[in-house]
Amino acid sequence: MTEPLERLRTAEKIAFVFSGGSSRCAFQVGVVERLSALGIRPAMCIGVSAGAWNAAIVAARVEHRIRFFWKSFMRMPDLDLRNLFIEHSPWRYAEMHRRNFARFVGDRLHAPDALPCLVSLTRLHDRKGFLVTASEVERPVDLLLAANYLPPFYTRTPLLAGERFGDGGVTDNAPYEAAFEHGCDAVVLVSLKGESEGGIYKSTRDVDHVIPAAFRDRVVVIRPRHRVPYGFLERRWEKLVELMTLGDLRTREVLLGERHPETDVRAAGDSPSVRLLRLWRRVRGGRGSAEAARGPAEPAPP
């Protein structure tokens, strides 16, 4: 038995943490299915962005239908120009999620046997991060829609407690610390950034996160070996099945010590997000250098 598997099998309270990654979160489906086959059961779930849908499925205790959840969603038409007059976007993702959530999850997150499900959010007016418990929200689907708010694909984020929130991946895409605050003694963190790309993407300010020593022995990280060659908006079912298989194989590698050459698949070059962050840092760095060259600003008149 490998050390990570022994750690999970001897833990009393495990949390599954699902990072965001849009369509590439199909990788997490294979992870969930393999963990279930190995008898690894969570006591709570935490989800970010698209990973929040997987967290909700597991927390609602219908993880055996997680693959059908994804297939049902992908079979719906995602573009309709008439939606411009309804939600000011040609993409129908919000309505698709409402229908799929009602079909597979419904009110189950409020059921007595549902697992605690925390969702990562970013408050829009001040970019502050929050974790909100789904069972404490009257309509959990609104919470998950807010967690996925990303224009132009989503244009109307629901009001939650009188405020508007967006994608939690901006402020915390890997909120594993919260699991320990809630009494868990082990965490399975499923992230989408490849190992060869560097550390874990945690936020826009921490793109190469390293888990601190205080948590390292209690966090089992399952992620691809390399940047996966699948698009942000991938909808072809055969490609998503490949991602699910990759998630299954990587879980077997991490927990069972196996080695599968299929996990060596990789995309060429840096990801678009990495290139964008690199450009942003150059712009900010150039601006900072110019300000430094000008010297301190003159004091404002009283």
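**Reading the model**

Analyst: Start with strand β1, which is mostly covered: five of its five residues are buried. Buried means under 20% relative accessible area, exposed over 50%, and partly exposed in between (1.4 Å probe, protein chains only). Helices (H or I, at least four residues) and strands (E, at least two) are DSSP runs, numbered from the N terminus. This is a predicted model: local features need pLDDT of at least 70, side-chain atom pairs count only at pLDDT 80 or more, and totals for chains, interfaces and linings use all residues. Residues are numbered from 1 along each chain as its sequence is written, and side-chain values use heavy atoms, with hydrogens and water left out.

User: Which residues of β1 lie on each side?

Analyst: I14, F16 and F18 are on one side, A15 and V17 on the other. All are buried, and both faces of β1 are covered.

User: Which strands does β1 pair with, and in what sense?

Analyst: Two strands pair if DSSP finds at least two bridges between them. β1 (residues 14-18) runs parallel to β7, joined by five bridges. A15 has V187 of β7 as its bridge partner. V17 stands opposite L189 in β7. β1 also runs parallel to strand β2 (residues 44-48), with four bridges joining them. There, F18 is partnered by G47 of β2.

User: How many residues of β7 are buried, and which way do they point?

Analyst: Strand β7 (residues 186-190) is mostly covered, with five of its five residues buried. A186, V188 and V190 point one way, V187 and L189 the other. β7 also pairs with strand β8 (residues 219-222) in the parallel sense, over four bridges. V187 stands opposite V219 of β8 in that pairing.

User: Where is there an antiparallel pair?

Analyst: Look at strand β3 (residues 117-123) and strand β4 (residues 128-133), which pair in the antiparallel sense over six bridges. V119 stands opposite V132 of β4. The two strands form a hairpin with four residues between them. R127, in the turn, has a positive phi of about 55 degrees.

User: Now helices. How is the packing of two helices described?

Analyst: Two packed helices are described by the angle between their axes and the distance between the axes. Here, axes are lines fitted to C-alpha atoms, for helices over the stretch in contact, and angles run from 0 to 180 degrees between N-to-C directions. Angles under 35 degrees count as roughly parallel, over 145 as roughly antiparallel, 65 to 115 as roughly perpendicular and the rest as oblique. Take helix α2 (residues 27-37) and helix α4 (residues 66-75): their axes come within 9 Å and cross at roughly 160 degrees. α2 and α4 are therefore roughly antiparallel. V29, V32 and E33 of α2 make the contact with I66, R67 and W70 of α4. Contact means heavy atoms within 4.5 Å.

User: Is the crossing of α2 and α4 left-handed or right-handed?

Analyst: A crossing is left-handed if the near helix is turned anticlockwise from the far one by less than a right angle, and right-handed if clockwise. α2 passes α4 in a left-handed crossing. By contrast, α6 passes α7 in a right-handed crossing. The axes of helix α6 (residues 93-104) and helix α7 (residues 140-147) come within 10 Å and cross at roughly 145 degrees. A94, H97, R98 and F101 of α6 meet P140, V141, L144 and L145 of α7.

User: At what angle do α1 and α10 cross?

Analyst: Helix α1 (residues 3-10) and helix α10 (residues 237-256) cross at roughly 85 degrees, their axes coming within 6 Å. That makes α1 roughly perpendicular to α10. P4, L5 and L8 of α1 meet V254, L255 and L256 of α10.

User: Which residues of α2 are buried, and what covers them?

Analyst: F27, Q28, V29, G30, V31, V32 and L35 are buried in α2. Their cover includes β1, α3, α4, β7, β8 and α10. Just after α2, G39 takes a positive phi of about 80 degrees.

User: How many residues of α3 are buried?

Analyst: Nine of the nine residues of helix α3 (residues 51-59) are buried. W53, N54 and I57 are among them. Just after α3, R61 takes a positive phi of about 65 degrees.

User: Last, the cysteines. How many disulfides are there?

Analyst: A disulfide is a covalent bond between the sulfur atoms of two cysteines. The criterion is a pair of cysteine sulfur atoms within 2.5 Å. A search of the whole structure finds zero. For C117, the nearest cysteine sulfur is that of C45, 6.1 Å away. For C184, the nearest is also that of C45, 9.5 Å away. C117 is buried at 2% relative accessible area, and C184 is buried at 4%.
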